[in-house]
Amino acid sequence: MFVGDWFWPSTNSIFYPKNKQSMFHIGLIEDNPSEKLLFEIAVDELQFSDDETITIFEDDKQLLQYLDKNGSFDLLLLDVNIGVISGFDVLKLLKGMKVNFPIVMYSNSNNPDDLERSRVLKAEAYIQKPYDFEQLKDLLQNFQAHINNNTLLPFLQNESFIRKYGRAQ
């Protein structure tokens, strides 16, 4: 379903519920060193507990090695432009593997073609990277709260989420 120029995630995705209320694990594929550093600083400032982690991967190979050894995430943020292989290619590969976690395309782009491609490839959402540090911390805190309360998918489907994080500011 579309909301303006931005799409609403599919409701037919299935994700396994959390076993514990006090932990989460987010994966991020990001090859830009400054974007990775910004993420790391935000995580440090938010002082997540040891059970609340964000793992950053530079490319699809690192991600696939991790998944082969460690399993899953509560959420994967997937940069659209990650070097040699595109985020869309990684999305297609992961959906073909039938991973059991939501994948959110995460990009600086607001190109309607990228949005449509994300929808067709069944990403759970497409958001633009936060335009400032405080918005990034707010996004991470929202992910934390909704993962811990088992409400991530409804949060991603909520029109206020799309308005707040899906449009260029």
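Modeller: Contact here means heavy atoms within 4.5 Å. The model is a predicted one. The helix to look at is H2, residues 60–70.

Start with the inward side. Asp60, Leu63, Tyr66 and Leu67 of H2 are buried. Viewed down the axis of H2, these buried residues fall within an arc of 125°, so they line one face of the helix. Now turn to the other side of H2. Lys61, Gln65, Asp68 and Lys69 are exposed there.

Next, the ends. Aspartate 59 caps H2 at its N-terminal end. One of its side-chain oxygens lies 3.1 Å from the backbone nitrogen of lysine 61. The side chain of Lys61 belongs to the exposed group on the other side of H2. After H2 comes glycine 71. The phi of glycine 71 is positive, near 100°.

For a helix pair elsewhere, see H1 (residues 33–46) and H5 (residues 133–148). Their axes come within 10 Å and cross at roughly 60°. The crossing of H1 past H5 is right-handed. On H1, the contact is made by Leu38, Phe39, Ile41, Ala42, Val43, Glu45 and Leu46. On H5, Phe133, Leu136, Lys137, Leu140 and Gln141 take part. The residues of this contact divide into nine nonpolar, one polar and two charged.

Notes
Residues numbered from 1 in each chain as written. Predicted model: local features only at pLDDT ≥ 70, side-chain atom pairs only at ≥ 80, totals over all residues. Heavy atoms only, no water. Buried < 20%, exposed > 50% of the residue type's maximum accessible area, 1.4 Å probe, protein only. Helix = DSSP H or I, 4+ residues; strand = E, 2+ residues; numbered from the N terminus. Arc of directions from axis to C-beta. Polar contact = N/O pair within 3.5 Å; in protein donor to acceptor, adjacent residues only side chain to side chain. Axes fitted to C-alpha atoms, helices over the stretch in contact; angles between N-to-C directions. Left-handed = near helix turned anticlockwise from the far one by under 90°. Nonpolar A, V, L, I, M, F, W, Y, C, P; charged D, E, K, R; others polar.
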